[in-house]
Amino acid sequence: MAVPKRKMSRSNTRHRRAQWRANTPPLVPVTVEGRTSLVPQHLRKAYERGLLRPAD
């Protein structure tokens with residue numbers, strides 16, 4: 001495991017952490033019971049099988 005040689009300043013630590021961003025999942029259209037909804041791509045099959053219901 002990497003171990004830092006020197007202590008990193010609070011300012012540098014916070015600047016580094018501030019760069020992280022969560023990405024929104026790509027949405028895909030799914031037609032369930034005649035209604036088309038945009039759902040996250042990784043949940044598409046669950047919606048098609050009826051395990052989840054689109055919130056409309």
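**Charged residues, one by one**

Colleague: Let's start with Glu 33: buried or exposed?

Modeller: Glu 33 counts as exposed, at 80% relative accessibility. Bear in mind that this is a predicted model.

Colleague: Okay, and where does Glu 33 lie?

Modeller: You'll find Glu 33 in the loop between strand 1 (27-32) and strand 2 (35-40).

Colleague: What is its phi like?

Modeller: The phi of Glu 33 is positive, about 55°, even though Glu 33 is not a glycine.

Colleague: New topic. How many salt bridges are there?

Modeller: The count comes to one salt bridge. Glu 48 forms it with Arg 44, and the closest N and O atoms are 3.5 Å apart.

Colleague: How are those two residues placed in helix 2?

Modeller: Glu 48 and Arg 44 sit four residues apart in helix 2 (residues 44-49), so about one helical turn separates them.

Colleague: And what does the accessibility of Glu 48 and Arg 44 come to?

Modeller: Glu 48 has 48% relative accessibility, so it counts as partly exposed. Arg 44 has 31%, and it counts as partly exposed too.

Colleague: Pick Arg 14. Where is its place?

Modeller: Arg 14 is in helix 1, which covers residues 10-18.

Colleague: Why does Arg 14 count as exposed?

Modeller: Because its relative accessible area is 54%, and exposed means over 50%.

Key:
Residues numbered from 1 in each chain as written. Predicted model: local features only at pLDDT ≥ 70, side-chain atom pairs only at ≥ 80, totals over all residues. Heavy atoms only, no water. Buried < 20%, exposed > 50% of the residue type's maximum accessible area, 1.4 Å probe, protein only. Salt bridge = Lys/Arg side-chain N within 4 Å of Asp/Glu carboxyl O.
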